[in-house]
Amino acid sequence: MGLKLKLREGGLCIETRVDVKESVRGQTIFIIQTIPRDVNTAIMELLVMAYALKTSCAKNIIGVIPYFPYSKQCKMRKRGSIVCKLLASMLAKAGLTHIITMDLHQKEIQGFFSFPVDNLRASPFLLQYIQEEVPDYRNAIIVAKSPSAAKRAQSYAERLRLGLAVMHGEAQCSESDMADGRHSPPCVRNTSGHPGLELPLMMAKEKPPITVVGDVGGRIAIIVDDIIDDVEDFVAAAEILKERGAYKIYIMATHGLLSADAPRLIEESAIDEVVVTNTVPHEVQKLQCPKIKTVDVSMILAEAIRRIHNGESMAYLFRNITVDD
């Protein structure tokens, strides 16, 4: 199938236009869409392509999206919105009938979709890299950067027969505690009001400094996560691990967004190597920082496409995979 994608400039606006160059009536179409730096443009291209195929009477429209964008915005934050749910609804409305993706930020995101989602895992490839490329990996310890990542780290540790350490506390607040109007108007006790309206005051949370639960002294520390974007937390964690005696520090993640000045921060940090898959293009970042290494996961995506096209079972791609991976 031939698709013609071009940008139309009108005044200050740049519009996306898609022309389908051959008949797709009754066919199954796979749209492979990686997410570059301009996330919103990529999403709009995907929506326009899917809608063009839908109106051309394609039977099935399957999106292959290795990194699903906005997956971090899958929970309500103060007066924000669950953007990931919005995007899932938009894709369904545009005409997508199936999605192939990899390592969603939260497994529950699959429930946002009204059509099937195959959430592939990168852990077999990353585990293979550890076994083949990390010298003396038997002397390593798997580290969870936060308690929320402990399940993923535990899964890695059990497969590699290694120890587990968990980091607790944060270098900075993950949620802003700035005044957002929740405490306005000022709370004034009204003795004449109904006593049932007086709610108990909640104590403010106080985040402790970063501590490590587990012995990393004289070991290789391997921090595992699903996304590495802003690297300040990883850099702070690496410094703590160095202070605790770890002599090498690896970061393993599926999606290497590596935005802003992440390559420079990694190069100047105590991190020895950052290993990510090629779900997101990061060639420029690799040129800026030799510590960034890439693991190719195109094989499993290609096999998923082949199996869906031939109507074969996908169970083989999930063998020995647990929900914690």
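## Close-up views of a predicted model

View 1. Strands β8 (residues 163–168) and β9 (residues 211–213) pair in the antiparallel sense over three bridges; two strands count as paired if DSSP finds at least two bridges between them. Helices (H or I, at least four residues) and strands (E, at least two) are DSSP runs, numbered from the N terminus. The model is predicted: local features need pLDDT of at least 70, side-chain atom pairs count only at pLDDT 80 or more, and totals for chains, interfaces and linings use all residues. Residues are numbered from 1 along each chain as its sequence is written, and side-chain values use heavy atoms, with hydrogens and water left out. Met 167 has Val 212 of β9 opposite. The open sheet has seven strands in the order β9-β8-β7-β10-β11-β12-β13, with mixed pairing. β9 and β13 (292–295) are at the edges with a single partner strand each, so one side of each has no neighbour in the sheet. From one strand to the next, the twist averages 30°.

**View 2. Strands β7 and β8 with helix α4.** β7 and β8 run parallel and are joined by four bridges. Ala 144 has Val 166 of β8 opposite. From β7 the chain passes through α4 to β8 in a right-handed β-α-β crossover; right-handed here means that, with the strands pointing away from the viewer, the path from the first strand over the helix to the second runs clockwise. Helix α4 lies across β7, β8 and β10, at about 165° to β7. Axes are lines fitted to C-alpha atoms, for helices over the stretch in contact, and angles run from 0 to 180 degrees between N-to-C directions. Contact means heavy atoms within 4.5 Å. The buried residues of α4 are Ala 150, Arg 152, Ala 153, Ser 155, Tyr 156, Ala 157 and Leu 160, and they pack against α3, β7, β8 and β10. Buried means under 20% relative accessible area, exposed over 50%, and partly exposed in between (1.4 Å probe, protein chains only). Just after α4, Arg 161 has a positive phi of about 60°.

**View 3. Strands β10 and β11 with helix α3.** Eight bridges link β10 to β11 in the parallel sense. Ile 227 has His 255 of β11 as its bridge partner. Helix α3 packs on the sheet and touches β10, β11, β12 (273–277) and β13, its direction making about 155° with that of β11. Asp 136 lies in the loop between α3 and β7; its phi is near 55°, a positive value in a residue other than glycine. Leu 258, in the loop between β11 and α6 (262–268), also has a positive phi, near 50°. Leu 258 counts as buried because its relative accessibility is 0%.

**View 4. The four-strand sheet.** Strands in the order β3-β4-β5-β6 form an open sheet with parallel pairing. β3 (28–32) and β6 (117–120) are the edge strands, each pairing on one side only. The twist averages 15° from one strand to the next. β5 and β6 are joined by four bridges, and Ile 100 has Asp 118 of β6 as its bridge partner. Helix α1 (residues 39–55) lies across β3 and β4 at about 170° to β3.

View 5. A nonpolar core is a set of buried Ala, Val, Leu, Ile, Met, Phe, Trp, Tyr and Cys residues joined through side-chain atoms within 4.5 Å. The largest has 39 residues, and those with the most contacts inside it are Ile 100, Leu 120, Ile 130, Ile 142, Ile 222, Met 252 and Ile 300. At least two residues of this core come from each of β4 (60–65), β5 (98–102), α3 (123–133), β7 (140–144), α4 (150–160), β10 (220–228), β11 (248–256) and α8 (298–310). A second, separate core of 34 residues includes Ile 35, Ala 52, Cys 74 and Ile 227. Beyond residues up to four places away in sequence, Leu 120 touches residues including Ile 100, Met 102, Ile 300, Leu 317 and Phe 318.

**View 6. Surroundings of Ser 71.** Ser 71 is in the loop between β4 and α2 (83–94) and is buried, with a relative accessible area of 2%. Its side chain reaches the backbone oxygen of Phe 68 at 3.3 Å. Apart from neighbours within four places in sequence, Ser 71 is in contact with Cys 84, His 105, Ile 109 and Ile 227.

Note on methods: Polar contact = N/O pair within 3.5 Å; in protein donor to acceptor, adjacent residues only side chain to side chain.
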